[in-house]
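Dear colleague,

I am handing over the structure below, and I would ask you to look through it before reading on.

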Amino acid sequence: MDGVLFDKAGTILIACPIGVTRINIPQGVRIIGDFAFSDCSGLTEINLPQGVISIGTGAFGNCSGLASISIPKGVTNIGGQAFIAETIQATTKIIGYDPSTAKDYATKYNMAFEVVSYSPDTSGVIEIKPASSIVNSSKIWTIKLNGLVNEASIKDKIYITNSQGIKQIPTCTVSTVNGLSQINVKPDQNYTPGDYMLWVRDIETVKGTKLKSQVYLKFTVL
């Protein structure tokens, strides 16, 4: 994106040119840095992508033309004076979820708040690859979902059990493909020969709802 500065991983939006009038923030961005959009008075509307979890101090300070900003439920931190200016608190509307950090911020600073409307979330697992139940000892599973997962919710919620019921916690990495979450599940150490089950349970979407039901898959390592 012309003139917009990101960190090397593309997860932190560090700075935006003052003269920008519109911006489409990439889905991979997780953090809006301190003062990232400060003095961007030409911006009138911003829709933060679902993966954003933090908005830095003064991130939208002096964005005097900003009429509305949509903040996803996954945002758990909004830094001090994120929207402070002479007029911005009186003229900018925050669009978000109730309850949410965005709602709390709007209430604290007496800003207009609009509850986002959405259909009930029915996110769930739609595919686990590979399809074969006989795999090698270092197999990496790919779990595809029909929604966006809250990464913080997957800790200890995706696991492997062997035939004795002993639980193993694998390494899980989340990526976004075509707007949907995909989770790669890698064993911390290679499986020994035997029968196993892969469990997916109680993970949440970015809207705060749990998957429709737990999912499990039986597999065998030869």
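Glu114, with a relative accessible area of 34%, counts as partly exposed, a class that lies between buried (under 20%) and exposed (over 50%), as judged with a 1.4 Å probe on protein chains only. Please bear in mind that this is a predicted model, in which local features need pLDDT of at least 70 and side-chain atom pairs count only at pLDDT 80 or more, while totals for chains, interfaces and linings use all residues. Residues are numbered from 1 along each chain as its sequence is written, and side-chain values use heavy atoms, leaving out hydrogens and water.

Glu114 meets the side chain of Lys93 in a salt bridge, at 2.7 Å from N to O (a side-chain nitrogen of Lys or Arg within 4 Å of a carboxyl oxygen of Asp or Glu). This pair links distant parts of the chain, since Lys93 belongs to strand β8 (residues 93-96) and Glu114 to strand β9 (residues 112-115), 21 residues apart; strands here are DSSP runs of E with at least two residues, and helices runs of H or I with at least four, numbered from the N terminus. Lys93 is also partly exposed, at 29%.

The whole structure holds three salt bridges. Another of them joins Arg30 to Glu151, with the closest N and O atoms 3.8 Å apart; Arg30 lies in the loop between β2 and β3 (31-32) and Glu151 in the loop between β12 (141-145) and β13 (158-162), so this pair ties together parts 121 residues apart in sequence. Lys103 and Asp98 form a salt bridge as well, at 3.5 Å.

With kind regards
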